[in-house]
Amino acid sequence: MSRALAIVMLTTAPALAAEDHHDPAGSASDDHGVHAHDHETGVAHAFALGPLRVVHPWTRATQGPDAVVFMDLDNTGDAPITLTGAAADWAASAAIVGFTLKDGEGRYTPLPSIPIAPGHDLVLRPDEVALRFTGITAPLPHGGHVHLTLHTSLGALEIAAMVEAADALQHSHAGHSHMEHGD
């Protein structure tokens, strides 16, 4: 294992898995329940499997053979949950990856599974940790969505990721708010 990858794994994964913006009381202004939908497209932006909540999965539009998917994973339970991988029928393979710089060039390097501590979040975002899908079978057009499966210690979770602009740095939040939906 390269020294850079070891540094990323030792510094990034524990910090991301320990990042805590979980509100045990449940804030009405940040409702990411299972039924949180984008009312313009009808596509959910939050998914759950037991105590695991996945919020705002997204990727960038691409014509190329690879795509990187980002999201927030929240462990609302009292035991660790491990993200072990992902899969999608629109890609040949998927891996958890960490971003590194080598000779001034950024690249994603495969990482092992990542635990999410109870009451904590794991945030997958550009230039940090993400899911990389390779061997994409068709372009991912801006404004659409793609279905994928997260593999976790709790089992598989089917989700849909919004396709943002090719140069997006974050989920746009277009078409929905973080107020209670009243679904």
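Biologist: Which residues does Leu73 touch, not counting residues up to four places away in sequence?
Modeller: Leu73 touches Leu52, Arg53, Val54, Leu83, Ile116, His120, Asp121, Leu122, Leu124 and Leu150. Contact means heavy atoms within 4.5 Å. This is a predicted model: local features need pLDDT of at least 70, side-chain atom pairs need 80 or more, and totals for chains, interfaces and linings use all residues. Residues are numbered from 1 along each chain as its sequence is written, and side-chain values use heavy atoms, without hydrogens or water.

Biologist: Which residues touch the most other members of the largest nonpolar core?
Modeller: Leu73, Trp90, Leu131, Leu148 and Leu150, out of 33 residues. Such a core is a set of buried Ala, Val, Leu, Ile, Met, Phe, Trp, Tyr and Cys residues joined through side-chain atoms within 4.5 Å. Buried means under 20% relative accessible area, with a 1.4 Å probe and protein chains only.

Biologist: Which element gives the most to this core?
Modeller: E11, with five residues. Strands are DSSP runs of E, at least two residues, numbered from the N terminus.

Biologist: Switching topic. How do E1 and E2 run?
Modeller: Antiparallel, joined by four bridges. Strands pair if DSSP finds at least two bridges between them. Phe47 has Val54 in E2 as its bridge partner.

Biologist: What about Gly50 in that hairpin?
Modeller: Gly50 takes a positive phi near 60°, and the hairpin has two residues between the strands.

Biologist: And how much of the chain is buried?
Modeller: 42% of the 183 residues.

Note on methods
Buried means under 20% relative accessible area, exposed over 50%, partly exposed in between (1.4 Å probe, protein chains only).
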